[in-house]
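Hello,

Here is the structure we spoke about, with the sequence alongside. My notes follow below it.

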Amino acid sequence: MRIQCPFCGERDLSEFTYLGDASFVRPDPDSADAGERFYDAVYLRDNPSGPFEELWYHGSGCRGWLRVRRNTRTHEILGVELARPAGFEA
Amino acid sequence: MSDSAHRLTEGGLIDRRKPLSFTFDGQPYSGFDGDTLASALLGAGVKVVGRSFKYHRPRGILSAGCEEPNALVELRTGARREPNTRATVAELYEGLEARSQNRWPSLALDVGAINSLLSPIFVAGFYYKTFMWPAAFWEKVYEPLIRRAAGLGMATHEADPDRYEKAHAFCDVLIIGGGPAGLAAALSAGRAGARVILCDEDFVVGGRLNAERLEIEGSSGADWARRAEAELRSFGDVRIMPRTTVFGAYDSGISGARTFGALERVSDHLRVPAPHQPRQRLWKIVASRAVLAAGAVERPIVFGGNDRPGVMLASAVRTYVNRFGVAPARQAAVFTSGDDGWKTLSDLAAAGIGVAAVIDARNDVPPALLAAAQRVSARVFTGAHVADARGSHGIHRISIRAGNRIEHVDVDGLAVSGGWNPCAALTTHVGGRPRWSETISAFVPGDLPAGMSVAGAAGGSLTLEAALREGAAAGAEAAAATGFAGAEIPSWRTSEDSAAARPFWHVGECPSKAFVDFQHDVTDGDIALAAREGYRSVELLKRYTTLGMATDQGKTSSLNGHAIMAALTERSIPEVGTTTARPPYTPVAIGAFAGHHRGKEFKPTRLTAGHAWARQNTEVFVEAGQWLRAQWFPRPGEHDWLESVSREVKAVRSSAGVCDVSTLGKIDIQGADAGAFLDRVYINTFSTLPMGKVRYGLMLREDGFVMDDGTTARLGETHYVMSTTTANAAKVMQHLEHARQVLWPELDVQMVSVTEQWAQYAVAGPSSRRLLEGLLGDVIDLSNTAFPYLACAQLAWRGVPVRLFRISFSGEMAYEIAIPARHGDALIRAIMTAGQEFGAVPYGTEALGVMRIEKGHVAGNELNGTTTAGDLGLGRMLSKKKDCIGRVLSGRPGLIDPDRPTLVGVRPVDRKARLHAGAHFLNLGAAATLENDQGYITSVAYSPMLEGWIALGLLARGPSRHGERLLAHSPVRGGDTEVEVVSPIFFDPEGTRLHG
Amino acid sequence: MAESLASRSAFSCLLVAVGNGRGVTAIDRDGLGLATIAVRKGSRNALSQRIRDEFRIELPGGPTRAAAGEVAFAGIAPGSWLAMRDQGGNAFAASLAQSTAGLASVTDQSDGYAVLRLTGPMVRAALAKLLPIDLHPRAFQVGAVASTVASHMGVTVWRLPDTGGAAVFELAVFRSLAESFWHALAEGAAEFGLAVGRPC
Amino acid sequence: MRTLARGKPIRYSIFSLLGAALSGHRHWGPAWRDPAPKPAYDVIVIGGGGHGLATAHYLAKVHGITNVAVLEKGWIGSGNAGRNTTIIRSNYLLPGNNPFYELSMKLWEGLEQDVNYNAMVSQRGVLNLYHSDAQRDAYVRRGNAMRMHGVDAELLDAAAVRELLPFLDFANARFPIQGGLLQRRGGTARHDAVVWGYARAASSRGVDIIQNCEVTGMVREGGRVVGVETTRGTIRANKVGMAVAGSTSRVAAMAGLRLPIESHVLQAFVSESIKPFFPCVVTFGAGHFYLSQSDKGSLVFGGDLDGYNSYAQRGNLPTVEDVCEGGMAIIPALGRIRLLRSWGGIMDMSMDGSPIIDRTPLDGLYLNAGWCYGGFKATPASGWCFAHLLARDEAHQVARAYRLDRFASGRVIDEKGVGAQPNLH
């Protein structure tokens, strides 16, 4: 598998570390049901068979966190972008 | 029989001026440069080469390629012994030593052959039906027997003496296979200017061109191949890799570039590798496009005695005659179901080898072929088949069934052609499914992986003309797809050849055993039994009978087996389906996948700037992740580690000691929001930390459990430097980058690891201040008031930037001094010199551990990923004023349960007794059961200060149980010890020594 | 002030020729001043201007290296560069921090990385055994920069102008890995002959 | 078809085998019946792998519930039951796991007599190597916990390991072998035979094993699951149990459930067949590698997950290299032995590395999932406890901790201590 790092270019799988579901959004810690929402965000997964948006870390490259769209059934990479929205570093 | 008995006087690609001597089962033989072991054995008249897996039947050479199921030998000796080497692909070299396998005492006389008599019992899956009583007998009696009988060659237990290497290659077009299709593809892609890599598993390119008497542009196929190779070598961006098998296709990326695994056999054709050369090289080839031109494998036909030595694939017979100048037989017959087999007739005749008969399963055979048979006065049987072959150590007679008439013909060789199976494995490695072709009665590539095309026999196009045409087109198309369009597509005139055939798998009832999978001794009867017992899916069939699971992975057997199953269950072959090919295409040495990552090179070694100095003072180092750290510094006369470590501890506590702490992670954190950022990743607050101060911090995972701890210093308004544990440095960096880039991208924070930039030493003990004053006195005031506990400063010392921290892991007054790593060696030497007057000693990780346990500081054994801040007695650090990663889930009932094991200290009631980490706590008198488990000991040390063993542990409701007595239960190490629960701070509980 | 403190190259005692010939030549770049510089939020343009004024260098937007005189900036991540100055030592980072104060975060890495310059007729063949990236002249041109992994070790590589008809690369690895990296390089380069050149 | 009423097949023994030999093995009937699905059953078990078939066998044998269907979308054992490295052991640390896996080991020890099928259960020993003091301490803690539950465990020092396996790398190892934790009762079993044995035994007690029958939906009435839609029609049942590790999330989604599970690919490898080379099961403590040798002679080995979510039953090259590097690091004689075949299985990776055997929020639907890569060794106990749950609607006592709500409550069973990151378990 080869992942197109937006900064470094396409690199071999071995340069990256996987985290998982990119839909994770840190819930509001002050909300009344924060516990329930954190449990849901940290533990529950859709775990789809097919296109999936996930987080990879280019630890052996630019140390960038990437948002990768990948088909979990075929391993086909459908799209890659930096997790950190453009502009924040500039 | 004389050496050259079966060697033709001329022809072939062998060099008769270069004879090579070799031995087989100790017998000396000779062959020629250009031979394989198989061709050399055949040339020397050797017919029986091995014994089969189950029945130990004598077996000869079936094929001339990697599909060989029978001719497996042990190659080389001693530490280089290679079991199961296919004689058909082993290149002959001077002094080669080979032995037959799976026989005792000798190949000719093999006791195991008794199994053949018991074969009525040893049917598929017989072992599932018996060997069950008594149960105890399995490991002791049955299994050892089965294991000894099974297996093929014998592997050595000696370490492999050869080197392996890995390398990376990139190209526009990868061409897999150097036969006519592959060469044509390479020529058209190369001429277009693309970067081309052409791999072929053989040691000469050309494939079937070297084995058939076919012509291209009026010259022999072999000559054409030489010319094509020469032209390709003239292109700067074309690389030809012989002896290289592309064994696997792996996933690609958006660009379409795909990774292929390939094995280059750099030195397997030599007695030993040349200096600085590996035995084999694993290539990871990244190709934008690939052309699969791997050819096809001929199928045998299932009939009685079809496994006997002398029965050979027709294509292999032609290979041995045309390429190696070897006569596999003196008087042969041909058994075919298509025109292709008839080529063998003319090739044998041309080589002056007698052909007694041609048996064609078809009723209508083209007249031209019949005429050819007439010319050499070979008898022709159409609509007929061979029912049986006789001769256990080499056939001497075949029985031909034509209608209801049986005829016997005396021959010493039988060429069999049951059609061709395309080598399509690489198209299925990444999920493609093969498609059934009625035209050639075989599975051909179905949906292809993106960026891959197929040419020639690999795609089911079996004629030379088609191979060249499709190859040229595929090469040009692939080149164009990578930006090298426009070059005209070459084409070539070829001689006639026809691949017309009719499917024919199995001759039906036979007088003797008819084999489907030669190597695993799977017969037509076994397939029938599987069908009867309900193992009808091809996967169940395979698993129950082991069809296709041998070292050849069913290249010659699977389809025949599936065809027989289809007939038995009244389904079509496509309905029955086929098993999925998995990498590698042919077996690959495990050493090649490891490359040079073995022994000390298994993983890189990280050495601190002070390592050279440490080496001069101790030989005792311990692995800390990839780092090597000094464990202790023995002195002459000390008897054991305990004596050295205790001496180091006492020295630190009484005067001063120095420890290399460079391996701890250090992260430089800057930016306007650096403080706010730290507040969110630590459970305690750092935005309020004054400049020039250090604070201990604890970090949680989002699930509320402790992740790591360490000190963080504030060097400037927007500048912090964080320290992490050695073990978690990389993990913490990744965690912080996630927080910075994904969770809170809006914060103005920049960070980078500076672990490697700074060499850092802990200077600890009552004399540490005076020691450092001797070094730094002229650049900083170290008095308690000017530089108190938890102060930090940046200095310039002797022209070098230095960082100084007043922190302590030992509980003594202590400092950590950091300096750019290139000066690390000089600094440690300077410290030791300055320390001489105080009797300062270097101390290692053991003494460090003892002192942190004496102080009740937690470390790796307590930060084990399952403990909470509360468990470690650090719950009070959790700020109520702010949120941080892990705060919310750390409040779950399971994490705040008062019964959770919590940090305590323990001492043996008998102060002399020894403790062991991993012992479980039991209430005195309680039975040793999991229900009564109260917790366990995490860390143990001998405290020279308390003159006894002490330990930290996690104990249910621990803090409330100080003074209680328990049993430390450790049946696997050290036994049971009665212990007393105490405070985890064993030494200087008031912490007065910190301040000196 | 006392006499200056002894300094030790990460490659000291390691660089010895292997095999026969000069297929690859290795040169220790000890003394090279290195610093990572990461732009502060919202300061990209101001920083570029400051670097332009100070060094007559256009900060690259991607993984490339821009040099003027003895100073160069190599893009290693979005908004982050590895700045280098020949023989700049630790002083380089300090001066860079001053000249970009408020616009960027600067961190001294002069001692964090051990840098080797590799050249010679077989340098690409030798590096093919280490680096999983395409070093073909068309794919990795002069000025190209890449951070990747070589034989389980993180490495940042950049290509300098060819000299004597041979490609020239510089490779930076974490200082603590210098010995393991040299072993991996030497094992692969031995068949071509690995020579050691004079530091520059 | 030569089978008795209810398809009771001929008993397997050396005598029946000899008898068969004389008649050319023509009288063997199908090992299990191939019935068409009935419109309704007492219990439907989704998944014809080891766990599902074991569940059906124990439902019939222990609880007398024989009106049971096992639905398999492909051929039985086509999932992880046929894609694992066949290791059986009960060397677990945590009280939530240890008794469960020990029950499994006890059931392995009597399996062949129970199902009258030789699954080649081979107690040749499982040795976990350790390479540091901290790792030793962790193994001591684990070994002690095992002994406290009556499980055999021995701590070996380097010399004892050397005596057992003299050809490991003791000379030049990057991470020297300091010793190991040995469970002699651990070992291997012939994975396919386990599936076939349970299938044959269950079928002979009346369980319907229905292959090529894919579940496409849940039949719900009110809040209750009362059956399944399949490619072979609707089948109703009082209780529906899921034993589809690898596809759990997909099947659960049919019932609208979201679970603490990710699917990951784990590769496994076999070498060419060689004469006896390796006597036990060994695991590397400083890398990702474990190995044993099958009775057929192949070395069977594996290592770490590829690390990314996947439903493709295949992995990539970096993991192959990582595993082989681990192998060479401890067994330098492996170099010239050839890797013959690799494949990938889809692991049901739970958020704490431990399984789930529990009711679901939907009445009538029961869950057996999250086996990570411990599923094969668990087969008998998983079937035993899932059958217990299905039959009695209460957790079997050794499976009490395998609750679905433990993640919300924080009572996780995390042997490795890596938290809610499935690819690290």
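**A loop histidine in chain A**

A:H75 sits in the loop between strand 5 (65–71) and strand 6 (77–82) of chain A. Keep in mind that this is a predicted model. A:H75 is not a glycine, yet its phi is positive, at about 65°. Most residues other than glycine have a negative phi, and most peptide bonds are trans. Is A:H75 buried or exposed? With a relative accessibility of 1%, A:H75 counts as buried, because the cut-off for buried is under 20%.

**Chain A as a whole**

Chain A contains one helix and six strands. Read from the N terminus, the order of its elements is β-β-β-α-β-β-β. Along the principal axes, the C-alpha atoms of chain A fill a box of roughly 45 × 35 × 20 Å. Chain A has 90 residues, and 57% of them count as buried. If you take the contacts in chain A with a separation of 6 or more, 43% come from residues 24 or more positions apart.

B:L790 is placed in the loop between helix 20 (768–776) and strand 41 (792–797) of chain B. At 27% relative accessibility, B:L790 counts as partly exposed.

Where are the cis peptide bonds? One joins B:W104 and B:P105, with omega at about 0°. B:P105 belongs to the loop between strand 7 (96–100) and helix 2 (114–117) of chain B. Another cis peptide bond joins B:P583 and B:P584, again with omega at about 0°. B:P584 is in the loop between helix 14 (573–576) and strand 31 (588–589) of chain B.

**Where chain B touches chain A**

B:H738 is part of helix 19 (residues 729–743) of chain B. Its relative accessibility is 13%, so B:H738 counts as buried. Which residues is B:H738 in contact with, leaving aside its neighbours within four places in sequence? They are A:L19, A:L55 and A:W65 from chain A, and B:L743 from chain B.

D:R174 lies in a loop of chain D, between helix 5 (158–164) and strand 6 (179–183). D:R174 is buried but has no salt bridge. The nearest side chain of opposite charge is that of B:E623, 4.8 Å away.

What does the side chain of D:R174 reach instead? The backbone oxygen of B:P604 is another, at 2.9 Å. Once neighbours within four places in sequence are left aside, D:R174 is in contact with B:G599, B:K600, B:F602, B:K603, B:P604, B:T605, B:E623, B:G625 and B:Q626.

**A covered helix in chain D**

Helix 8 of chain D covers residues 317–330, which makes 14 residues. From its first C-alpha to its last, helix 8 of chain D reaches 21 Å, close to the 20 Å expected at 1.5 Å a residue. How many of its 14 residues are buried? The count is 12, so helix 8 of chain D is largely enclosed by the rest of the structure. Among the buried residues of this helix are D:L317, D:V320, D:E321, D:C324, D:G327 and D:M328. An α-helix has 3.6 residues a turn, so residues three or four places apart point the same way.

**A strand with two partners in chain C**

Strand 5 (residues 80–85) of chain C is mostly covered, with five of its six residues buried. Strand 5 of chain C runs antiparallel to strand 2 (residues 33–39) of chain C, and six bridges join the two. In strand 5 of chain C, C:L82 has C:T36 standing opposite.

Strand 4 (residues 71–77) of chain C also pairs with strand 5 of chain C, in the antiparallel sense and over six bridges. Here C:V71 stands opposite C:R85 of strand 5 of chain C. Strand 4 and strand 5 of chain C form a hairpin with two residues between the strands, and in this hairpin C:G79 takes a positive phi near 70°.

Regards

Definitions and conventions. Residues are numbered from 1 along each chain as its sequence is written. Chains are lettered from A and ligands numbered from 1 in the order in which they are written. This is a predicted model: local features need pLDDT of at least 70, side-chain atom pairs count only at pLDDT 80 or more; totals for chains, interfaces and linings use all residues. Side-chain values use heavy atoms; hydrogens and water are left out. Helices (H or I, at least four residues) and strands (E, at least two) are DSSP runs, numbered from the N terminus. Buried means under 20% relative accessible area, exposed over 50%, partly exposed in between (1.4 Å probe, protein chains only). Contact means heavy atoms within 4.5 Å. The expected span of a helix is 1.5 Å times one less than its number of residues. Lys and Arg count as positive and Asp and Glu as negative; His and the chain ends are not counted. A salt bridge is a side-chain nitrogen of Lys or Arg within 4 Å of a carboxyl oxygen of Asp or Glu. A polar contact is a pair of N or O atoms within 3.5 Å; within protein, one must be able to donate a hydrogen and the other to accept it, and residues adjacent in sequence count only if both atoms are side-chain atoms. Two strands pair if DSSP finds at least two bridges between them.
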